[in-house]
Amino acid sequence: MLALSNYFNKPYTINFEAYEPVKEDLEMITGIYKNHENQEVITISLNNKRLYANFNNQSLFLLEPTSKNKFENIWEGNKFDFQLKNELIFEANGKQIKFYKF
């Protein structure tokens with residue numbers, strides 16, 4: 001931090017506030033999401049107040065909350081943005097793909 005403050009000649013801070021999701025909110029976004037273009041399926045499940053995802057019945061991976069209805073797979077850098085109307089915006093490598101809950 002000090003190096004950044006010195007380089008830019010102004011104070012530099014990082015906000016480390018963690019978002020703690022509410023179980024009821026997590027339960028609302030669990031389910032099966034499907035992409036209409038390529039028929040891929042993402043299953044979102046809940047275990048001990050933690051969300052997990054898997055693509056096409058492959059291995060589960062943990063989704064870390066970043067803000068309300070937004071999660072990230074830290075290892076892969078993929079982002080999951082759960083929208084209103086049962087939509088999911090999945091982002092990987094700068095590309096966004098829309099999935100719909102069914």
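Is Asn86 buried, exposed or partly exposed? Asn86 counts as partly exposed, because its relative accessibility is 44%, on a scale where buried means under 20% relative accessible area, exposed over 50%, and partly exposed in between (1.4 Å probe, protein chains only). The model is a predicted one, in which local features need pLDDT of at least 70 and side-chain atom pairs count only at pLDDT 80 or more, while totals for chains, interfaces and linings use all residues. Residues are numbered from 1 along each chain as its sequence is written, and side-chain values use heavy atoms, with hydrogens and water left out.

Asn86 lies in the loop between S6 and S7, and its phi is near 60°, a positive value in a residue other than glycine. Lys85 also has its place in the loop between S6 and strand S7 (87–92). Its phi is near 65°, again positive in a residue other than glycine. Most residues other than glycine have a negative phi. Lys85 counts as exposed because its relative accessibility is 74%.

We can now turn to the sheet. Eight strands form a closed barrel in the order S1-S2-S3-S4-S5-S6-S7-S8, with antiparallel pairing. Here strands (E, at least two residues) and helices (H or I, at least four residues) are DSSP runs numbered from the N terminus, and two strands pair if DSSP finds at least two bridges between them. Neighbouring strands of this sheet are turned by 30° against each other on average, direction ignored; the axes are lines fitted to C-alpha atoms, for helices over the stretch in contact, and angles run from 0 to 180 degrees between N-to-C directions.

Strand S5 (residues 70–73) is linked to S6 by four bridges and runs antiparallel to it; Lys70 stands opposite Asp81 in S6.

Strand S5 also holds Asn73, which is buried, with a relative accessible area of 5%. Leaving aside neighbours within four places in sequence, Asn73 is in contact (heavy atoms within 4.5 Å) with Phe61, Leu62, Leu63, Asn78 and Phe80.

The largest pocket has a volume of about 220 Å³. On a 1 Å grid over the protein atoms alone, a pocket is an open set of points with protein on both sides within 12 Å along at least five of seven lines, where a 1.4 Å probe fits, and lining residues have an atom within 4 Å of a point. Grid points are joined across faces, edges and corners, and the volume is the space filled by probe spheres set on the points. The lining consists of Asp25, Met28, Ile29, Tyr33, Lys68, Asn69, Phe82, Gln83, Leu84, Lys85, Asn86 and Lys101. Helix H2 (23–29) and strand S6 (78–83) are the elements that give two or more residues to this lining, and H2 gives the most, with three. By type, the lining residues divide into five nonpolar, three polar and four charged, where Ala, Val, Leu, Ile, Met, Phe, Trp, Tyr, Cys and Pro count as nonpolar, Asp, Glu, Lys and Arg as charged, and the others, Gly among them, as polar.
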